[in-house]
Amino acid sequence: MRGGRAPAVLLGGGATLLLSFLWMPALLPVASRVLLLPRALLSMASGSPPSQPSPASGSGYVPGSVSAAFVTCPNEKVAKEIARAVVEKRLAACVNLIPQITSIYEWKGKIEEDSEVLMMIKTQSSLVPALTDFVRSVHPYEVAEVIALPVEQGNSPYLRWVRQVTESVSDSGTALP
């Protein structure tokens with residue numbers, strides 16, 4: 001997305017594909033296991049009432065306390081620089097880079113199509129505002145896409161690790177550059 005486009009209007013290709021599965025009722029059981037998305041969102045798509053969140057039995061994990069944030073970047077170099085910085089600043093425990101997604105979006109009255117890299121960032125939900133501020137401060141786009149979804153459930157040791165790695169930032173309140 002050249003010249004500073006706004007990917008926040010429509011999701012990047014990988015995120016669009018990822019989220020489009022939520023609206024396909026036949027795939028909801030698969031999507032909920034694979035994507036670990038909130039029950040409330042899945043129940044909205046299936047038409048059933050949302051269940052009350054509760055800590056997973058014995059895991060100590062509080063549903064929604066970890067989030068997966070998505071950011072699109074114009075190329076791998078920019079994505080790697082941002083990924084390394086957010087991990088070094090402990091704004092994220094892990095960042096996955098998904099190359100060669102195609103984003104189709106409207107920008108300044110024109111339909112655009114670009115190849116991008118999708119970042120999937122795992123962090124504490126309480127750090128999403130600081131993560132967003134940091135990404136906006138270093139991202140080359142005029143309007144950077146930064147969206148986050150709370151993680152309802154998953155592998156308890158992994159979710160504890162995400163919290164441990166980012167805990168000092170969350171406690172100190174010094175997450176910004």
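Analyst: Here is a short tour of strand pairing, then of backbone angles. This is a predicted model: local features need pLDDT of at least 70, side-chain atom pairs count only at pLDDT 80 or more, and totals for chains, interfaces and linings use all residues. Residues are numbered from 1 along each chain as its sequence is written, and side-chain values use heavy atoms, with hydrogens and water left out.

User: How many bridges join E2 to E3, and how do they run?

Analyst: E2 and E3 run antiparallel, joined by 12 bridges. Strands here are DSSP runs of at least two residues, numbered from the N terminus. Two strands pair if DSSP finds at least two bridges between them.

User: What is the bridge partner of Cys94?

Analyst: Lys122, in E3.

User: And how many bridges join E1 to E3?

Analyst: Eight, and those two strands also run antiparallel. E1 covers residues 66–73. Val71 stands opposite Met119 of E3.

User: Switching to angles. What is phi of Lys108?

Analyst: Near 55 degrees, a positive value in a residue other than glycine. Lys108 belongs to the hairpin of E2 and E3, which has two residues between the strands.

User: Is Lys108 buried or exposed?

Analyst: Lys108 counts as exposed because its relative accessibility is 64%. Exposed means over 50% relative accessible area (1.4 Å probe, protein chains only).

User: Where is Gln100, and what is its phi?

Analyst: Gln100 lies in strand E2, residues 94–107. Its phi is near 55 degrees, again positive in a non-glycine residue. Gln100 is exposed too, at 70% relative accessibility.

Terms used:
Helix = DSSP H or I, 4+ residues; strand = E, 2+ residues; numbered from the N terminus. Buried < 20%, exposed > 50% of the residue type's maximum accessible area, 1.4 Å probe, protein only.
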